[in-house]
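Here is a friendly briefing to read with the model open beside you. Take it one topic at a time.

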Amino acid sequence: MNTFIVTRLILKDWYLNRTLLVAAIVTGLLTLAGIAASKGNSIALILGIIVLATILIGMGAVIMSSMVNERKQQTLPFVMSLPVSYLEYTTSKLLGSLLIFSVLWLMLLLGMIATILITPWFSNGLIPFVVIMLVEVLMSTCLIAAVSVTTESQGWTIGVAQIGGLALNAVGFSIVRLPDISHTMRSRTIQWSTTSIVLLLAEFGTIALMLGTAFFVQSRKRDFV
Amino acid sequence: MTGVAVQFSGVSKKYPHFTLQDVDLELPTGSIMGFVGANGAGKSTTIRILMGLIHQDCGTVHVLNHTMPANQAAAKRDIGFVSEDMRLYASLTLAWHMNFVSSIYPQWDRLYAEHLLRSFDLKAERKIKGLSHGQRVKAALLLALARRPRLLVLDEPTTGLDPVGRREVLAELVAVLADEERTIFFSSQNTLDVEQISDQITFIDRGRIIDSANKETFLDRWRRLRLMLPLNTALPQLPGVIEVGGSTRLPVLTVNRFEPAMVAVCQDAGAAVQAVDAMTLEEIFIANVQSRREGVVA
Amino acid sequence: MNSPIVISQSDGRPMYLQIMEQIKQKVAVGEWGPGEEIPSIRVLAVALRISVITVKRAYLELEREGVIVTQHGKGSIVATDPGLGPRLYDREFEEHLEQVVRIGTLLGLSNKQMALRLHDTASRLNEVQLHEDEFRKETV
């Protein structure tokens, strides 16, 4: 793997979306700072969470467009004329977009954990549930990225994004019903039950599987342009 | 390593509505090959297979001694590729693209790039979306040329350019060949350009290579013989007659293996030779294609 | 770049012939003297914006005719044979005459008819006013 060319391509994609990226990260940091300084004002906290969540969703959309756009705007021949293999191209796309997304995702995670810890209203036992749900969001975004880079089709990507959103709700409802989860949610302390740990591992496992599948599919492709 | 810059051997690629069949090509280092064919004949497919962007169904492809598509990343370090459907990033400037490409290729020649900016009449600070089609083509060519690649692969490099632009581009392409280690492969519908600067010429039609030879051979071998037949005289039998046009008394024979002795043969057969016309590359191409499509094999 | 030679795309003759003729002219008038270096094949191809193979062919033919000499790896020079100019042209003239006679014979012209045609063409091209009647009276 030629890390040099992969880095150049990632930087290129970041540069193309620079205004959005900078705006998202700066807003995210400011919001986090606001949450930390909120002194427990619940309204401010909830607002902060909403802002962070919105940024995250927006980032998801940018990810979709970045990969589909190379095909749509016909810049793919230019990129593929560079000394890069298709696998390296795929890596740059997935890595570049997921890196940015992870940064914002982390901000949201920290923001939510901080909110829960600060406010008396939210029991700290919620935290494992929140972590599981947020990793679910990460998983869903990885799915979008994987579909986007392999199909290069806006239609497919949007379709998967919508299914992902529905799945998120469905999974959320079913997890809440799990005895281990629902019991610990109300506690004042953070309790990591076996179920929650298993769920987390399953989610990370699925993420690895999806990314692996994306790479596999890309390596089997015979017509790139 | 010199010798052969591009080699195709029995390359085929099947699509639902089109098949590229049995393509054999050999391009010696230090020469220019012009690739001529109608739309949909298979020029772009062949070029994409050459670049490793499409994987052939069978056959071998070697470019600069790299096997394609397996070694495409390594090969592309020494190849400059410009295709007609290639677009640069519209919201960014030409200067950004020049910077980007030069950061990837150590062989980027800054002075030469500046020379090309002047001779192509381009402003580096302009955004790509503000350029006309012709300027975009020249911008993409600049990015490929300034790296001084060992092999230039160009899909319709002069299509869409005005006559001045065409002249500038052809001049730069020929200048590349001043270095005999560098090679150019270009496809074009513009037979005038191909006739002017190519050393080797290959014709492709309906997915098959129908002819490939050096330019002077083409221009030497193809002729139109204008004859005048007296009454009750049969047409002289000549080898390599591709087409018989004109009228019964005044036939025009198109031959692809002309020898001066043919004139004598016609005389002996009783026909008067009124003229032996050379043919332009365009006429040669059309005659070649038509005869193949009608099933006349020469 | 200032090209030493100018060729025309609309000229019906093959490009390599045009190149040959112009080089021979330069030698004939002494612009390129005996033993003098002439542009290499590739340099000339670049200046004329044409394929190397065409210039190569012209140089090969010129070497065959003894006008230039190509030294392996060192480029080409005008042949050192003095008096090349007028002799060169004379030989070409002779070759063309032979070709005219060959074609004329094929067309079934007699010697006198060929001579007449030659004269007519010369008059037309050079606008030389000869005594045509005189000539016709003598040849008919």
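The notes below go through the chains and the places where they touch.

This is a predicted model, in which local features need pLDDT of at least 70 and side-chain atom pairs count only at pLDDT 80 or more, while totals for chains, interfaces and linings use all residues. Residues are numbered from 1 along each chain as its sequence is written, and chains are lettered from A and ligands numbered from 1 in the order in which they are written.

**Chain A**
- Chain A has nine helices and zero strands; helices (H or I, at least four residues) and strands (E, at least two) are DSSP runs, numbered from the N terminus.
- Read from the N terminus, its elements go α-α-α-α-α-α-α-α-α.
- A compact globule of 225 residues would have a radius of gyration near 17 Å, and the 19 Å of chain A agrees with that; the radius is taken over C-alpha atoms, and the globule rule is 2.2 Å times the number of residues to the power 0.38.
- Along the principal axes, the C-alpha atoms of chain A fill a box of roughly 60 × 35 × 30 Å.
- Of its 225 residues, 34% are buried, where buried means that 20 or more other C-beta atoms lie within 10 Å of the residue's own, with C-beta atoms placed from the backbone (12 or fewer is exposed, in between is partly exposed).
- Among contacts in chain A with a separation of 6 or more, 79% join residues 24 or more positions apart; a contact means that C-beta atoms, placed from the backbone, lie within 7 Å.

**Chain B**
- Chain B holds 10 helices and 14 strands.
- Its C-alpha atoms fill a box of roughly 75 × 40 × 35 Å along the principal axes.
- Chain B has 298 residues, and 45% of them count as buried.
- For contacts in chain B with a separation of 6 or more, the share from residues 24 or more positions apart is 70%.

**The sheet in chain C**
- Chain C has an open sheet of three strands in the order 1-3-2, with antiparallel pairing; two strands pair if DSSP finds at least two bridges between them.
- Strand 1 (37-38) and strand 2 (68-71) of chain C are at the edges with a single partner strand each, so one side of each has no neighbour in the sheet.
- Two bridges link strand 1 of chain C to strand 3 (residues 75-78) of chain C, and C:Ile38 has C:Ser76 as its bridge partner.
- Strand 2 and strand 3 of chain C are joined by four bridges, with C:Gln71 partnered by C:Gly75.
- Three residues separate strand 2 and strand 3 of chain C in a hairpin, and C:Gly73 in the turn has a positive phi of about 80°.
- Helix 3 (residues 52-64) of chain C lies across strand 2 and strand 3 of chain C, at about 115° to strand 2; axes are lines fitted to C-alpha atoms, for helices over the stretch in contact, and angles run from 0 to 180 degrees between N-to-C directions.

**Where the chains meet**
- Two pairs of chains are in contact, and chains A and B share the most contacts.
- In that pair, 21 residues of chain A contact 19 residues of chain B.
- Helix 1 of chain A gives the largest share of chain A's side, four residues.
- Between chains C and B, 14 residues of chain C contact 20 residues of chain B.
- Helix 2 (41-48) and helix 3 of chain C are the elements that give two or more residues to chain C's side.
- Chain A and chain C do not touch, and their nearest C-alpha atoms are 26 Å apart.
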